[in-house]
Amino acid sequence: MRKIRAAILGAGFIGKAHIEAIRRLGFVDIVAVAQQDRNSAEETAAALHIPKAYGNYLDMLKDKEIDVVH
């Protein structure tokens, strides 16, 4: 079975809890995160081991590798 590739829009306090819960499902990979600005997104992605970071959610929505946004 192919894993669902998810992106997270906003990863503040509760966003981090959602990421942890999603990862526990086992059939979803978190592949991207979008924050208010690029630097914040890159810091969050690095800290949470997420491969892609976006400072603009509209750019994230154009990513064809993403199946779902949370």
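**Exercise 1.** Determine which elements the buried residues of helix 1 pack against, and on which side of helix 1 they lie.

*Solution.* The buried residues of helix 1 pack against strand 1 (4–9), strand 2 and helix 2 (38–48); contact means heavy atoms within 4.5 Å. Helices (H or I, at least four residues) and strands (E, at least two) are DSSP runs, numbered from the N terminus. This is a predicted model, in which local features need pLDDT of at least 70 and side-chain atom pairs count only at pLDDT 80 or more, while totals for chains, interfaces and linings use all residues. Residues are numbered from 1 along each chain as its sequence is written, and side-chain values use heavy atoms, leaving out hydrogens and water.

Next, identify the residues: Gly-15, Ile-19 and Ile-22 are the buried ones of helix 1. Because they cover an arc of only 70 degrees around the axis (taken from the directions from the helix axis to the C-beta atoms), they lie on the same side of helix 1. Phe-13, Ile-14 and Arg-24 are exposed on the other side of helix 1. Buried means under 20% relative accessible area, exposed over 50%, and partly exposed in between (1.4 Å probe, protein chains only).

**Exercise 2.** Classify Asp-63 as buried or exposed, and state which residue its side chain joins in a polar contact.

*Solution.* Asp-63 is placed in the loop between helix 3 (57–61) and strand 4 (68–69). Asp-63 counts as buried because its relative accessibility is 11%. Its side chain joins that of Lys-52 in a polar contact of 2.8 Å (a pair of N or O atoms within 3.5 Å; within protein, one must be able to donate a hydrogen and the other to accept it, and residues adjacent in sequence count only if both atoms are side-chain atoms). The Asp-63 side chain also reaches the backbone nitrogen of Glu-65 at 2.8 Å.
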